[in-house]
Amino acid sequence: MFDESADPPVVVRPANGGVACWGRGLALGDEMADGWGVADGRAGRFAKGVWFEPGLGG
């Protein structure tokens, strides 16, 4: 996953029963991955990348 913001990634989860129109990707990755973090360096026009280690989730 890549984005144009230099801000660090933050896992956002809607309140119980809430619906989010954006920001669900990192929460989904956090639930399904054994680990994740921010990639070093830039990737083209993107400010940062986030990597995931697939697994059963933590």
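In what order do the three strands of the open sheet lie? The order is 1-3-2, and the pairing is antiparallel. Before I go on, please keep in mind that this is a predicted model.

Let me start with the edges of the sheet. Strand 1, residues 2-3, and strand 2, residues 33-39, are the edge strands, and each of them pairs on one side only.

You can find the residues concerned on screen. Phe 2 stands opposite Gly 49 in strand 3, and Asp 3 stands opposite Lys 48, also in strand 3.

Next, strand 2. How many bridges join strand 2 to strand 3? There are six, and again the two strands run antiparallel.

The structure holds one aromatic pair. Its members are Trp 36 and Phe 52, with 6.4 Å from centre to centre and 35° between the planes, and the pair is tilted. The pair counts as tilted because planes under 30 degrees apart would be stacked and planes over 60 would be edge-to-face. Because Trp 36 lies in strand 2 and Phe 52 in strand 3, the pair ties together parts that are 16 residues apart in sequence.

Then there is the helix. Helix 1 covers residues 24-32 and lies across strand 2 and strand 3. Relative to strand 2, helix 1 runs at about 135°.

My last topic is the largest pocket. The space in it comes to about 160 Å³. Which strand gives the most to its lining? That is strand 3, with three residues. Strand 1 and strand 3 each supply at least two residues of the lining. Sorted by class, the lining has seven nonpolar residues, one polar residue and two charged residues.

That is the end of my part.

Conventions. Residues are numbered from 1 along each chain as its sequence is written. This is a predicted model: local features need pLDDT of at least 70, side-chain atom pairs count only at pLDDT 80 or more; totals for chains, interfaces and linings use all residues. Side-chain values use heavy atoms; hydrogens and water are left out. Two strands pair if DSSP finds at least two bridges between them. Helices (H or I, at least four residues) and strands (E, at least two) are DSSP runs, numbered from the N terminus. Contact means heavy atoms within 4.5 Å. Axes are lines fitted to C-alpha atoms, for helices over the stretch in contact, and angles run from 0 to 180 degrees between N-to-C directions. On a 1 Å grid over the protein atoms alone, a cavity is a set of points where a 1.4 Å probe fits but cannot get out, and a pocket is an open set with protein on both sides within 12 Å along at least five of seven lines; lining residues have an atom within 4 Å of a point. Grid points are joined across faces, edges and corners, and a volume is the space filled by probe spheres set on the points. Ala, Val, Leu, Ile, Met, Phe, Trp, Tyr, Cys and Pro count as nonpolar, Asp, Glu, Lys and Arg as charged, and the others, Gly among them, as polar. Rings of Phe, Tyr and Trp (its six-membered ring) pair if their centres lie within 6.5 Å; planes under 30 degrees apart count as stacked, over 60 as edge-to-face and the rest as tilted.
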